[in-house]
Amino acid sequence: MKQLVVAGNPIDHSLSPIMHIAALETLELDREYCYDKVLLQKSDLKKFVESLESGLINGANITLPFKTSVIPFLSNITKEAEAVGAVNTIYRKDSDVIGSNTDVQGFLNVLHENDVDLEGSCVTIIGAGGVARAVAFALVSKDISVLKILNRTKLNAEKLVTSIKQVSDVNLQSGSLTSFGNSEDEIDLLINCTSIGMVGQSIGKSPVDKNLMSSNTVVMDLVYNPMVTKLLEDAVQIGCRVIDGVGMLLHQGALSFESWTGLKPPLNVMRKALLQVLEVTDDGP
Ligand SMILES: NC(=O)c1ccc[n+]([C@@H]2O[C@H](COP(=O)([O-])OP(=O)(O)OC[C@H]3O[C@@H](n4cnc5c(N)ncnc54)[C@H](OP(=O)(O)O)[C@@H]3O)[C@@H](O)[C@H]2O)c1
C-alpha cells in the first residue's frame, strides 16, 4: 500500500483526507493508496522527510505551521515554492523528493474556472500572510495592471510588496486595512486572504465595509468555512460576482493528487465530498 499523508500541527481540522480519499475511491486506487493525517512535531521534520526519501511515505501535503520550516530538509523545491517561500506538497519523482507549492497554480485555476480575465486588471488583496504571498506571486505572473496589498499590520504588506518587486514590474502598492476605500480607483478583483469571517474565529465579520465596495468588483474569499462568508454575503447584496474559498482548496488539492499519482483526479467528486462536510460543520448564514 502506498502511503499519502497530510502533516501539520494541529491536524484534526484538515479537510484534505475527505477529498483525496473520495478521489482515490472513485479512481479505484484505494487498494493501492491510503491517505492519513499525521500530527507532526517540529523536531520530527527531518525524520518525516527521510521517510519520504526512503519510500515509507509516497507523498504528502504539508500544512501549518511547517510550510516554510520543512524547506531546509528538502533537496529539491520547485520555482513556485522557492518564490513563495512555502511548500504544501511533497512528491517523489524517480529517486528525488520534491517540494512544491500548489496554492499558486490552484488559485490561478480557480480564476480560470470562473472566467476571470486578469489582463490589465486592478487587483486588491486583503492580508499579507502565507496564502496572500502565494496569491500575490500567482497574480504578478499574469498581465495585471495594479496589485494593491492591504493588511492590518501595514509593515507586513510593505514587506510582501518589497519581496514581489524583486521579480515583477507590476505596479505594486501597500497600505493598511483601514485605508480600504480611500482611493477612487475601481477594483476589478478583491481577494480576502485573511482569516476574517472564518468559523470559530470571526464568523459574521467582513474585512471591509460593504458601503465602500463596488458592484463592478469580482469578490473572492479564501475562507472556505463557512462557504458563504459575511464578505461574500455583502458582495452578493450589492450585485458583485463572487467566488468562494472551496474552489482553491479543491484545485490545490487536485494538483497535489496529480503529482503523487500521475492522474487527473475527479474534481466533481472531490468538490462534492468537501461540500458534504462543510454543510455539516457550516455555522454560517
Ligand atoms: N481556500 C484555500 O485553499 C485556502 C488556502 C490557504 C489558506 N486559506 C485561508 O486563508 C486564511 C489565511 O491563511 P494564511 O495561511 O495566510 O494565514 P497567516 O499566514 O497566519 O496570515 C493571516 C493574515 O490574516 C491577517 N489577520 C488575521 N487575523 C486578523 C484580524 N482579526 N483582523 C485583520 N487581519 C487579520 C493577518 O494580518 P497581520 O499581518 O496583521 O497579522 C495576516 O495578513 C485562513 O483563513 C485560511 O484558512 C484558504
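How many aromatic pairs does the count come to? I started my notes there, keeping in mind that this is a predicted model.

**Rings**

The count comes to one aromatic pair. I looked up its partners and found tyrosine 35 and tryptophan 260, with ring centres 5.9 Å apart. Their planes sit at 50°, so I put the pair down as tilted, given that stacked needs under 30 degrees and edge-to-face over 60. Then I checked where the two residues belong: tyrosine 35 is part of strand 2 (residues 33-39), tryptophan 260 is part of helix 8, and so the pair ties together parts that lie 225 residues apart in sequence.

I noted that the space it takes is the largest pocket. Which elements give two or more residues to the shell around the ligand? I got helix 5 (130-140) and helix 8 (246-261).

The ligand is surrounded by 20 residues, and I listed Gly130, Val131, Asn151, Thr153 and Asn156 as the closest. Sorting the shell by type, I had 10 nonpolar residues, nine polar and one charged.

For valine 131, a backbone N or O atom is 2.9 Å from a ligand oxygen atom. Asparagine 156 uses its side chain: a polar atom there lies 2.9 Å from an oxygen atom of the ligand. At glycine 245 I found a backbone N or O atom 2.9 Å from a nitrogen atom of the ligand.

Last entry, on cover: on its own the ligand has 930 Å² of accessible area, and the protein covers 74% of that.

Technical notes:
Residues numbered from 1 in each chain as written. Predicted model: local features only at pLDDT ≥ 70, side-chain atom pairs only at ≥ 80, totals over all residues. Heavy atoms only, no water. Near = heavy atom within 4 Å. Polar contact = N/O pair within 3.5 Å; in protein donor to acceptor, adjacent residues only side chain to side chain. Areas by Shrake-Rupley, 256 points an atom, 1.4 Å probe, with all protein chains shown as cover. 1 Å grid on protein atoms, 1.4 Å probe; cavity = no way out; pocket = protein on both sides within 12 Å on 5 of 7 lines; lining within 4 Å. Sits in = over half its atoms within 2 Å of the grid points. Helix = DSSP H or I, 4+ residues; strand = E, 2+ residues; numbered from the N terminus. Nonpolar A, V, L, I, M, F, W, Y, C, P; charged D, E, K, R; others polar. Phe/Tyr/Trp six-rings, centres within 6.5 Å; stacked < 30°, edge-to-face > 60°.
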